[in-house]
Amino acid sequence: MNASRSDVLILGGGVIGLACALHLLKGGARVRVLEQGTPGCGSSHGNCGTITPSHAAPMTMPGTLGVALRSLLRADAPLYLNPRLDGPRLRWLMGFARRCTWRDFERAAQARAAILQRSYRLLAELVRSERLDCEFVEEGLLYVYRSSAQMADDEHHHAQLLDRLGIAVQRLRGGEVEAIEPSLKAGVQGGMFHPGDARLRPDRYAAELARLVRERGGIIETGAKIERIATDGKGIVSVATALGDFTGDRVVLALGAWSPLLGKQLGLRLPMQPGKGYSLTYTRPAQAPRHALVLREAKVCVTTWNSGFRLGSTMEFSGYAEGINRTRIDALRRGAAECLREPEGPQLQEEWWGWRPMSVDEIPIIGPSARWSNLHLATGHGMLGVSMSAATGELVAAQMLGAAPAIDPAPYAPSRFHL
């Protein structure tokens, strides 16, 4: 037996790759994960950790591109498009613009709702059955409005969509919101409570997934930056990394925002762009919110755990530009200060940035490649990788091991992009 060979080679050790590994191991496959850093060190690490069937609505809504274009001269805008000329990003924006129709919006919302709801159930079962130490709490998510106009707009495009999809949303008056969430400053106009949402600490969730993978016999190679991929014209033969060459009967591409870069080596043009997000993590303040919050006007997500407190969100399209944009970090602080009585914890623990893998139609890309016989894709989850992780792993394992999928795989198929 070649020690570097596995039944399935998974490229990427974020929550998507780890969830795929776990479900494949449960199905009896021998699995190896190649991770360039450590498990969950990418966007799995610093996001807000909300599990959100309520986020079924995609960004592909008529008018979104206009909002992005108006942000060109506002570096602190919640949705920011860097004005630097970038060919791949321009092609992505053109494709995104074509999909900003009500028909595509509804289609994407239905696909996202299906995988989000299935994933929530699987994740909750996994946390309970395996006693995952990740601060998982099922207490819902609260949208907070200080503007009646913003709330009216969300009622039309958000709440009514959730009603059609069968996802619970409760409309609240300002006084009701302030009563259940005393951490908020006065002046709240209303709220929308999503009782079917939850939260967890994402870095701990990734660490727990990695633990389960190893306990079930899976191998996680850390520091295994991928250097090149060898093919025979039909399939992938081997993957060369900083640690050496590895082979697998089948390969799963789960590299998140790095997927398009590796895809080029395989002649695949993945219609994705890195959407840069930021977060600030503190020790827990004395008057921490009881619920996970979305401060709608500021577009700031607030998550409280026993072990800490995080402000996050923003969406910046600046290609693969690395590093922290201080203007956007400051915007998170300002947004929280406008709404929270105690907007920051006693000690700042981390300033973080990371790239989300944004697919052009806001639907993840999951399924077998039509170009390569032994390649499976599991990428393009946008801001919802943690929320969609469990169902993605289940779907990939079902497809690769010949089981009946629990959800219809057609909306996520790579074939829609001729991949």
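Which residues does Tyr-205 touch, not counting residues up to four places away in sequence? They are Val-15, Leu-123, Leu-132, Cys-134, Leu-200, Val-386, Ser-389 and Ala-390, where contact means heavy atoms within 4.5 Å. This is a predicted model, in which local features need pLDDT of at least 70 and side-chain atom pairs count only at pLDDT 80 or more, while totals for chains, interfaces and linings use all residues. Residues are numbered from 1 along each chain as its sequence is written, and side-chain values use heavy atoms, with hydrogens and water left out.

**Nonpolar cores**

- In soluble globular proteins, nonpolar side chains tend to be buried together.
- A nonpolar core is here a set of buried Ala, Val, Leu, Ile, Met, Phe, Trp, Tyr and Cys residues joined through side-chain atoms within 4.5 Å; buried means under 20% relative accessible area, exposed over 50%, and partly exposed in between (1.4 Å probe, protein chains only).
- The largest nonpolar core holds 69 residues, and Ile-10, Val-31, Phe-136 and Tyr-205 have the most contacts inside it.
- Helix α5 supplies the largest share of this core, 13 residues.
- Another core lies apart from it and has 34 residues, including Ile-229, Val-239, Val-251 and Leu-268.

- Helices (H or I, at least four residues) and strands (E, at least two) are DSSP runs, numbered from the N terminus.
- Two packed helices are described by the angle between their axes and the distance between the axes.
- Axes are lines fitted to C-alpha atoms, for helices over the stretch in contact, and angles run from 0 to 180 degrees between N-to-C directions.
- The axes of α5 and α8 (residues 202-215) come within 12 Å and cross at roughly 65°.
- That angle makes α5 roughly perpendicular to α8; angles under 35 degrees count as roughly parallel, over 145 as roughly antiparallel, 65 to 115 as roughly perpendicular and the rest as oblique.
- The crossing of α5 and α8 is left-handed, a term for a near helix turned anticlockwise from the far one by less than a right angle, with right-handed used if the turn is clockwise.
- On the α5 side the contact involves Leu-123, Leu-126 and Glu-130, which meet Tyr-205, Leu-209, Arg-211 and Leu-212 in α8.
- The residues of this contact divide into five nonpolar, no polar and two charged; Ala, Val, Leu, Ile, Met, Phe, Trp, Tyr, Cys and Pro count as nonpolar, Asp, Glu, Lys and Arg as charged, and the others, Gly among them, as polar.
- With helix α6 (residues 148-165), the axis of α5 comes within 11 Å and crosses at roughly 60°.
- That makes α5 oblique to α6, and the crossing is right-handed.
- Trp-102, Phe-105, Glu-106, Ala-109, Gln-110, Ala-113 and Gln-117 of α5 make this contact with His-157, Leu-161, Arg-164 and Leu-165 of α6.
- By class, the contact of α5 with α6 has six nonpolar, three polar and two charged residues.
- Ser-119 is also found in α5 and is buried, with a relative accessible area of 0%.
- Not counting residues up to four places away in sequence, Ser-119 touches Ser-387, Met-388, Ser-389, Ala-390 and Ala-391.

**Helices α1 and α11**

- Helix α1 (residues 15-26) packs against helix α11 (residues 385-401) at an angle of about 40°, with their axes 7 Å apart.
- That makes α1 oblique to α11, and α1 passes α11 in a right-handed crossing.
- The α1 residues in this contact are Val-15, Ile-16, Ala-19, Cys-20, His-23 and Leu-24, and those of α11 include Val-386, Ser-389 and Ala-390.
- The classes in the contact of α1 with α11 are 11 nonpolar, five polar and one charged.

**Loop residues**

- Most residues other than glycine have a negative phi, and most peptide bonds are trans.
- Glu-135 has a positive phi of about 55° although it is not a glycine.
- Glu-135 sits in the loop between α5 (102-130) and β5 (141-145) and is buried, with a relative accessible area of 16%.
- Glu-362 also has a positive phi, near 65°.
- The loop between β17 (348-359) and β18 (365-368) holds Glu-362, which is buried at a relative accessible area of 6%.
- Pro-285 is placed in the loop between β13 (272-282) and β14 (292-295) and counts as buried at 3% relative accessibility.
- Leaving aside neighbours within four places in sequence, Pro-285 is in contact with Phe-309, Glu-342, Glu-344, Gly-345 and Pro-346.
- Pro-285 and Met-388 are 103 residues apart in sequence and 30 Å apart in space, C-alpha to C-alpha.
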